[in-house]
Amino acid sequence: MEPLGAQVRIDAAGNLRGVYPALEPNVPCLVIGSHLDTVPNAGAYDGILGVVLGIALIEELRGRRLPFAIEVVGFSEEEGTRFGTPFIGSRALVGRLDLELLSVRDARGVSVRTAIEEFGLSPEKISQAELKKETLGYLEFHIEQGPVLEKLNLSLGAVEAIVGQSRLEFTFLGCANHAGTTPMNLRSDALAGASEWIGIVERVAQNIPGLVGTVGKIDAKPGAANVIAGEVRLTLDLRQSSDQIRIRAVEDLIRRAHEIAVRRGLSVRENVLLNQPAVAMDAFLVGEIEKAVIKTGCPPHRMVSGAGHDAMILAEKVPSAMIFLRTPGGISHDPAESVAPEDVEKAIDCGLHLLDQLASSPEFCKRTNRA
Ligand SMILES: [Zn+2]
């Protein structure tokens, strides 16, 4: 970034940040970024591609200055792999890297605070990582990490919302007993009840547009081939861009679990682990992204993101939007993750059109954040 004329620093949360100055000093800034960390056994594009694209856009400006500055941010710790808590870097920009988060520990007992200090940074300066009040917006390029754009044969998609998410744990309780001596009509089989409910989860999600529902983890006790399961724990993950639809589906599935339990002589209890609202992207920016996509010769396509991203955190403070790039095979978080060079070219082309549109938009340049 430095050869391109950007001033580069690492903030106290470990985010790498470079500011490409505007035509004039002391004018608001557009932030472009994504994350630098990734998961174990990862691919090469999740996160980092969005950072490189931000730098590529500045490179493509070839020294041209815009009415706003551009700050490229490479966020630290988005995945939550080390501390089990995601978005640590981006939370610093919205003022939410607080004492509670600083005291979270990794598997070796090292706290976020200590990790920051060991990296040579000072947690006391975290407030200096916060976004400036007059930040104009946040733009994030990211691989889709799913099959939708490939299925539609499209290079790019405009994200209009990041889905909300519910995560629950259900426990079905029955009666463990001998698999050979207990007649079918005298059983309280927790696993048979749970499996009936899993089928309902799939049907409910199939019947409500945009809803995705997953039971990804199940544990049956005592867990022997010749014993009727007396206790089954399983998880539910439900996502949708409408919080109302998601919450109604959760309530419906809880009710159905209890109906099954009553009918089968079981009991069931549920425990809500996560209830995260959906985050809308900024309508103005999404519209401008669509116009920019059309200028690249591609049809525009609006979509929702089924995964969380730094844009979700930044959207708390500034108008935010995302551009997805087609992900071959929909494969991500795996060494086979890839992108097509022509899609990256389209993304740069789209980004340059977008910067030009924003630079000539009095509406955009007058905007300030909602902080
Ligand atoms: Zn990512």
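**A loop contact and the zinc site**

Guide: The side chain of Thr135 reaches the backbone oxygen of Lys132 at 2.6 Å, a polar contact (N or O atoms within 3.5 Å, one able to donate a hydrogen and the other to accept it; residues adjacent in sequence count only if both atoms are side-chain atoms). The model is predicted, so local features need pLDDT of at least 70 and side-chain atom pairs pLDDT 80 or more, while totals for chains, interfaces and linings use all residues. Residues are numbered from 1 along each chain as its sequence is written, and side-chain values use heavy atoms, without hydrogens or water.

Thr135 sits in the loop that joins helix H4 (112-118) to S5 (DSSP runs numbered from the N terminus: helices H or I of at least four residues, strands E of at least two). With 3% relative accessible area, Thr135 is buried (under 20%; exposed is over 50%, partly exposed in between; 1.4 Å probe, protein chains only).

Strand S5 (residues 137-143) carries His142, whose NE2 is a donor of the zinc ion, alongside His35 (NE2) and Asp46 (OD). These protein donors lie 2.0 to 2.2 Å from the zinc ion (donors are N, O and S atoms within 2.8 Å of the metal, 3.2 Å for Na, K and Ca; water is not among the atoms, so sites may look incomplete). Along the chain, the donors are spaced as H-x10-D-x95-H. Because His35 belongs to strand S3 (residues 29-35) and His142 to S5, the pair ties together parts 107 residues apart in sequence. Both histidines are buried: His35 has 0% relative accessibility, and His142 has a relative accessible area of 1%.
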